[in-house]
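Here is a short briefing to read with the structure open beside you.

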Amino acid sequence: MREIASFEFELTRNITIGQYLPTGSLIHRMDPRIKLLAFTILVIAMAICDTYVGNIIALAFACYLFYMSRIPISYGLSGVKPAVPFILILAVLQLLFYSEIASGGTVFVDYGFILITSDSVRLVIVSALRFIEIIFLSSVLTLSTSTTQITHGIESLLRPLKHVKFPVHEFALIITIAIRFVPTFAMEMEKMMKAQASRGAEFGTGAWWRIIQRTKDVFPIIIPLFNVAMARAEDLVLAMESRCYTPGSERSIYTKYKAQNMDYMALLFCVLFTVLLLAFPFPY
Amino acid sequence: MSQPFIQVEGISFEYTINNHKTVPVLENVSFDVHPGEYVTIIGHNGSGKSTLSKHFNGILKPLSGNIYVDGLNTREANLQREIRQKVGMVFQHPDNQIVATIVEDDVAFGLENIGVPSSEMKARIDFALDAVGMSEFRKRPPHHLSGGQKQRVAIAGILAMKPDCLVLDEATSMLDTYGRRDILDVVRRLNNDGMTIVSVTHHMSEVAEASRVIVIEKGQIVLDGAPREIFQQYELLHQLQLDVPLASQLARLVHEYDNEFQADLIHNEEIIQEVMRLSAKRGVYVG
Ligand SMILES: Nc1ncnc2c1ncn2[C@@H]1O[C@H](COP(=O)(O)OP(=O)(O)O)[C@@H](O)[C@H]1O
Ligand SMILES: [Mg+2]
C-alpha cells in the first residue's frame, strides 16, 4: 500500500471561502452594500470593455486596489494560478474557432479551417486580461469583507425586492447557513476519508485524467455525507424553531449599515471609471 | 406552593411512521415544574426523554392531555411564540444549532425573530454573552470555537430572549470534561439567579446537583424526587440500566462494611466529611 501523506485529507486547511484578511484599510472600512454595488459595476465594466488600452487601465486599477487595501498582491496571483489552465484552453479555442465572430482586421494566418486575424488575437488577449482583472477584483472584495458583511450587504441591497414578494431574508439566511456549514462539512468529510483510508480505501491516487476512477473513489464518502447533512438539517430546523423562527414573518434587524460620504465618493468614482472605460474612444 | 411554571397533565404521545405505523412513546405522563426548580430527567436511551422535552416548548403537541407553560396551553398556535420565548432549548449537538457566521449574529438571531428593536439588541447581546463568559468571542466565526464554547453561545442565544426556563437535552453529552464543567457552572449560576432548569442528562454527578430528578422508563415516570432519595433505590436504578454517582456507590459499600457510615451520601465532599467525622469520633487523626 502507498504511504498516504496526511495533508491530502486536511480539507479544512484549503478552504478559501471567507478568507478575510483584516488590515483596517479604507476599503475594509467601506459600507459593504456600497462595496458590493461598486464591485458589480466594475465587473460589468470589465466584462464589456474590449479595447487593449481599456483593459490595461482596468488591470492597473485592480492592482492599485490591492495597494489601497494593504493586501499583498500575491493573494491575487494565487487566485489566478488555478485559473491559468482554463485561461490557456479558452485562448486556444478562441484563437481556432472564433474567427467568424472576429474576422475583421488584418489576416495573419489563413490555413485550412484556421483563420487568425488581428481581431481574433485581440479577443484572446482581452479575454485573458478580463479573467485576471475579475479574479483580482473578487479577491480584493472577499479579502477585505467578511462573509457576514457580504451576506448582510446582499440582504440589505435586495431588500427592496420584498415589495415584489421575493423572500429576501430567507435567501440571505440560506447563503449564511451554507457558508456557516462549509467548515463543518469539510471537517466531517475529512473524518470519513480518514476512516475509509484506514480501511484501505484510496483517494486521489489515480492520475488526474482518470476522471471516472477518481469520481468512483469519492462515492463511499458521498452517501454518508449526505446522511449526515440531512440529520444536521433536521436538528437545525428544530433549533431555529425553538428560537421562534417562523419563515415569512416580520423580523427586526440587528446589523444596520450607514453609508458615509467616503462611500458615496467611492461609488461615484467607480461609476465615472466605468463610463471612461466604456465610452472613451481608445485607439487600440 | 407557588403556581407551577410547567404543568404536564396526563400527556400521551406517539410518532407516526410512513402514515400508518405508530410508535407509542409517552403514556399518561403528569408532573409539575415549579419556578426556580432544577429538575433533571434521566432514563436510558429511547425511553422518551427527548420526546418529552420537545413538548415543553410546543415543538411537539401531546396526542392527549395538555401542557401549560406559565398557564399557556402549548396547543394554541397563537401562543407559540410567547411560549418559545419563555422556554429556551439547548440541544445535544453543538454544531447543529448555530445559524450565523459570527457569534454575535447568532445571539441576535432569536431577538430578530421576536422583533426586538435594533436599539435594544446590543445591550441584550452584551448581557447574554457576558452571562456565559463569551464576550471576547463575539466577532469570531463559530468553527473556531470548541464544543463547550459553541454550547455556551447556544445558551447565550437563548438567554438574550430573556426566558424563564432553560431546557437542556443532553447538552453536555458531546463535550469533554472541561466543556461540561463550564456548561454546568453556567447552568448552576442561572439557577441561583432564579431561572428554572430542566436538564436531560446521563451524568449522575449533574443529577446530584439538581433539586429534583425524574426517572422515566418506556415513556412513563417511574421515580420522582430529591436526588438523595432516588439514589437510595440502587436496585431499581440498576434494573433500569442507570448508574448512581460514584460517591453514592462508595457510601453504600462502606455502609455495608461499617453501619455507622451514612449510606445516603451523593457528593464527593460529603464522603470526605463523613470520613473526617467518623475518624474524629474514633480518635483517629486524618489529614
Ligand atoms: N422522529 C421520530 N420518528 C419516529 N420515532 C422516533 C422519532 N424520534 C424518536 N423516536 C422513537 O421514540 C422513542 C423515544 O425516543 P427519544 O425521545 O429520542 O428517547 P431518548 O431521548 O430518551 O433517548 C425511541 O424509540 C425512538 O426510536
Ligand atoms: Mg434523547
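Chain B gives 39 residues to the contact between the chains, and chain A gives 31 residues. Please keep in mind that this is a predicted model. Together, chain B and chain A bury about 3000 Å², with 53% of that area on carbon and sulfur atoms.

**Between the chains**

- The size of an interface is often expressed as the accessible area lost when the parts come together; for chain B and chain A that figure is about 3000 Å².
- The interface of chain B and chain A holds three salt bridges by the rule used.
- R251(A) and E112(B) pair through their side chains in a salt bridge, at 3.4 Å from N to O.

**Helices α3 and α4 of chain B**

- E112(B) also has a part in a helix contact inside its own chain, as one of the residues that α3(B) brings to α4(B).
- Helix α3 of chain B covers residues 103–113 and helix α4 of chain B covers residues 118–131; their axes come within 10 Å and cross at roughly 120°.
- The pair α3(B) and α4(B) is therefore oblique, and the crossing is right-handed.
- On the α3(B) side the contact uses V103(B), E104(B), V107(B), A108(B), L111(B) and E112(B), while α4(B) supplies M121(B), R124(B), I125(B), A128(B) and L129(B).
- Sorted by class, the residues joining α3(B) to α4(B) are eight nonpolar, no polar and three charged.

**Helix α6 of chain A with α3**

- In chain A, helix α3 (residues 52–68) and helix α6 (residues 118–144) have axes that come within 9 Å and cross at roughly 20°.
- Angles under 35 degrees count as roughly parallel, so α3(A) and α6(A) are roughly parallel to each other.
- The crossing of α3(A) and α6(A) is left-handed.
- Among the residues in this contact are I56(A), L59(A), C63(A) and F66(A) from α3(A), together with I125(A), L129(A), I132(A) and F136(A) from α6(A).
- The contact of α3(A) with α6(A) counts 16 nonpolar, two polar and three charged residues.

**Helix α6 of chain A with α4**

- Helix α4 of chain A (residues 73–80) packs on α6(A) at an angle of about 125°, with the axes 9 Å apart.
- That angle makes α4(A) oblique to α6(A), and the crossing of the two is right-handed.
- From α4(A), the residues I73(A), Y75(A), G76(A), L77(A), G79(A) and V80(A) meet I132(A), I135(A), F136(A), S139(A) and L143(A) of α6(A).
- By class, this contact of α4(A) with α6(A) has eight nonpolar, three polar and no charged residues.
- I132(A), F136(A) and S139(A) of α6(A) take part in the contact with α3(A) and also in the contact with α4(A).

How values were computed:
Residues are numbered from 1 along each chain as its sequence is written. Chains are lettered from A and ligands numbered from 1 in the order in which they are written. This is a predicted model: local features need pLDDT of at least 70, side-chain atom pairs count only at pLDDT 80 or more; totals for chains, interfaces and linings use all residues. Side-chain values use heavy atoms; hydrogens and water are left out. Axes are lines fitted to C-alpha atoms, for helices over the stretch in contact, and angles run from 0 to 180 degrees between N-to-C directions. Helices (H or I, at least four residues) and strands (E, at least two) are DSSP runs, numbered from the N terminus. Angles under 35 degrees count as roughly parallel, over 145 as roughly antiparallel, 65 to 115 as roughly perpendicular and the rest as oblique. A crossing is left-handed if the near helix is turned anticlockwise from the far one by less than a right angle, and right-handed if clockwise. Contact means heavy atoms within 4.5 Å. Ala, Val, Leu, Ile, Met, Phe, Trp, Tyr, Cys and Pro count as nonpolar, Asp, Glu, Lys and Arg as charged, and the others, Gly among them, as polar. Buried area is the accessible area (1.4 Å probe) that two parts lose on being put together, summed over both. A salt bridge is a side-chain nitrogen of Lys or Arg within 4 Å of a carboxyl oxygen of Asp or Glu.
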